[in-house]
Amino acid sequence: MSIDTQLPDETVHVASAISDEVVIELASVNKWYGEFHVLKDINLAVNKGERIVICGPSGSGKSTMIRCINRLEEHQAGDIIVNGTEMGTNIKNIDAIRRDVGMVFQQFNLFPHLSVLENCTLAPIWVKNMPKAEAEKIAMEYLERVKIPEQAGKYPGQLSGGQQQRVAIARSLCMSPTIMLFDEPTSALDPEMISEVLDVMVGLAETGMTMLVVTHEMGFAKRVADRVIFMDQGEIVEQNTPDEFFTNPKSDRTKLFLSQILAH
Amino acid sequence: MAVVDKAGPRKGGRSFTEIVNDERYRSVFYQVIVAVAVIWAANYLITNTAENLQARGMSAGFEFLTSTAGFSIAWSIIDYEPGDTYFDVYLVGIANTLIISFFAIIATTLLGFVVGVMRLSKNFIICNLASGYVEVMRNVPLLLHILFWFTLSAALPRPKNSLGLGDMFFLNNRGLYVPAPIPGEGFGVVVIMVLIGIAAAFGVTVWATRRQMATGQRFPAFWVGVGLVVGLPLLAFAALGAPLTFDYPSLKGFNFTGGADVPRAFCALLFALVLYHTVYMAEAVRAGILSVSHGQTEASYSLGLKPSWTLRLVVIPQAMRAVVPPMISNWMNVVKNSSLAVAIGYPDLVAVFMQTSLNQSGHAIEIVGMVMLFYMTVSLTISAALNYYNKLVQIKER
Ligand SMILES: Nc1ncnc2c1ncn2[C@@H]1O[C@H](COP(=O)(O)OP(=O)(O)OP(=O)(O)O)[C@@H](O)[C@H]1O
Ligand SMILES: [Mg+2]
């Protein structure tokens with residue numbers, strides 16, 4: 001795990017762009033896998049433009065929590081409201097929320113049978129009924145943003161891990177989401193590729209995107225996060241600004257966790 | 001950049017092992033050995049056979065194909081009389097093999113998809129029903145399947161007590177009797193309309209795709225296409241006063257006359273081939289769908305693609321790569337295994353040509369060669385199509 005990944009100008013925190021509007025609200029969310037209580041009474045409100053880093057030991061429920069936000073996992077109790085839409089069992093609501101929420105996975109999950117450009121245009125063409133030329137123009141803009149426009153014609157299998165993850169970010173952005181979820185986006189990458197992906201994510205933060213990022217990259221958290229959330233055993237144990245969180249952790253579990261990951 | 005020549009010239013001579021272990025010569029070396037062995041074996045077989053034929057005063061050659069076969073064939077889909085030649089027998093055999101393979105392949109493919117998808121079902125009963133089917137069917141040899149259905153079909157009622165369906169279809173211990181279509185005047189127009197409908201549907205699909213790519217607007221091309229393919233011929237059919245009549249089978253004395261008959265052996269063979277080969281088709285479908293990781297579906301959902309679009313745009317295109325190769329080799333096996341027809345007297349190519357014709361004419365080498373040629377042509381055609389498809393859909397890797 002690399003804690004001190006080199007980011008450009010690491011000391012300066014990316015300017016905050018938080019507004020008062022609450023865009024994600026989790027109220028008493030509970031989830032079980034059979035007997036196993038994986039999310040215990042989660043309460044969380046995320047404001048528009050807010051950047052949240054979520055950390056915690058393996059198996060603490062980080063992935064499960066953010067996957068509930070776009071209904072890749074179903075919660076059994078409590079309410080989840082995204083951009084004013086209540087996530088019930090209504091398929092229309094779920095579709096609406098998924099259109100608004102982008103997600104980047106640890107394993108990239110690019111479509112191997114489509115070229116990089118086709119990966120980016122698939123959803124705009126079929127979900128937004130966008131003309132192909134327009135979708136391609138937008139896709140090229142985002143591929144430039146993630147600094148790989150020259151790879152547009154290649155297939156995912158021909159790219160490095162870092163390049164694939166940047167394509168995955170561009171693919172999500174092509175749907176113009178208002179919220180982006182990241183589930184350990186750099187955990188499957190070799191150290192030298194981590195910073196190229198984190199750079200892109202910092203750039204995205206600078207545009208004022210609402211971001212929820214599960215990561216152990218503490219350098220990224222210090223530089224970008226407005227709030228760090230620590231989860232353990234299905235609970236939100238502690239949340240604070242990065243400064244307070246790293247220098248003055250309150251609970252013993254947080255201290256233990258920090259000492260473990262910083263000891264590397 | 002300096003190119004390092006791994007096997008560059010060195011001082012002194014090179015030993016034999018050194019040359020064989022050199023990657024530049026190694027494959028050439030083995031190819032030469034194999035080529036020499038093959039040529040030697042072929043030469044041995046040919047001269048040996050020629051000597052033996054000469055010693056017994058037998059002639060080799062294909063003149064026998066033009067002489068009269070003189071025996072009758074129980075059932076054929078193309079016209080044949082005992083006065084026809086051995087070459088006609090060859091064609092009858094090919095036609096009979098192809099017709100049973102055709103129906104068996106279509107039924108196998110459809111049923112295989114159903115069983116394969118059923119096996120993946122979360123429903124306990126459906127899933128276990130399909131698993132049970134797969135386990136039972138594949139653990140019984142195909143020949144046993146064929147003999148079982150053939151024996152069972154002997155227990156069907158006699159013609160007098162046939163199982164009938166609406167005075168049109170009759171099943172008895174001689175076979176299945178169905179109405180024979182007799183095209184009337186103007187039926188050709190209906191056939192032409194079918195072709196026009198297919199062409200029009202294809203055109204609409206292309207147009208709709210172009211328009212969607214250009215403007216983003218959708219068009220229900222599939223349903224319009226179905227309407228064209230079904231509607232146009234139906235209109236023509238009605239306008240021309242239904243130019244198609246049927247000759248219905250009817251019981252005359254001890255047997256049926258009129259209509260078309262499908263012999264018991266055909267039905268039993270078809271049943272056995274389909275039930276047996278469906279298993280392999282189903283397994284290919286199941287493996288294909290499972291080969292697409294769950295992450296693909298999740299990525300697609302998270303982009304806002306609905307489950308039906310995800311299936312169509314993400315899962316099926318990837319699954320087909322894994323499904324098609326085993327599916328096509330299964331088709332080849334259906335064609336080849338249909339030759340087990342000899343066991344129950346269905347007059348396929350092997351039965352009429354390699355058995356009866358060979359016994360009568362004695363031209364074993366030519367006949368076996370011709371039968372092999374047929375099966376090889378079919379198999380090679382199918383595998384050429386498969387290779388082409390594979391190349392088309394290959395996932396590009398580094
Ligand atoms: N489909 C499932 N069925 C049963 N248990 C599951 C399932 N998915 C996750 N779990 C369990 O739920 C707990 C939380 O999983 P989750 O993936 O959310 O953890 P995480 O905090 O993301 O961990 P990591 O850092 O390893 O990714 C784990 O104990 C895991 O074993
Ligand atoms: Mg996780």
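Contact here means heavy atoms within 4.5 Å. This is a predicted model, in which local features need pLDDT of at least 70 and side-chain atom pairs count only at pLDDT 80 or more, while totals for chains, interfaces and linings use all residues. Residues are numbered from 1 along each chain as its sequence is written, and side-chain values use heavy atoms, with hydrogens and water left out.

**Surroundings of Ser338(B)**

- Apart from its neighbours within four places in sequence, Ser338(B) is in contact with Thr97(B), Ile100(B), Ser101(B), Leu269(B), Leu273(B) and Asp348(B).
- Ser338(B) sits in the loop between α10 (307-337) and α11 (349-361) of chain B; helices are DSSP runs of H or I with at least four residues, strands are runs of E with at least two, and both are numbered from the N terminus.
- The relative accessibility of Ser338(B) is 0%, so the residue counts as buried (under 20% relative accessible area, with a 1.4 Å probe and protein chains only).
- A polar atom of the Ser338(B) side chain lies 2.7 Å from the backbone oxygen of Val335(B).

**Chain A: fold and dimensions**

- Chain A contains 9 helices and 10 strands.
- The C-alpha atoms of chain A fill a box of roughly 55 × 45 × 35 Å along the principal axes.
- Of the 264 residues in chain A, 57% count as buried.
- Contacts in chain A between residues at least 6 apart in sequence join residues at least 24 apart in 68% of cases.

How values were computed. Chains lettered and ligands numbered in written order. Buried < 20%, exposed > 50% of the residue type's maximum accessible area, 1.4 Å probe, protein only. Polar contact = N/O pair within 3.5 Å; in protein donor to acceptor, adjacent residues only side chain to side chain.
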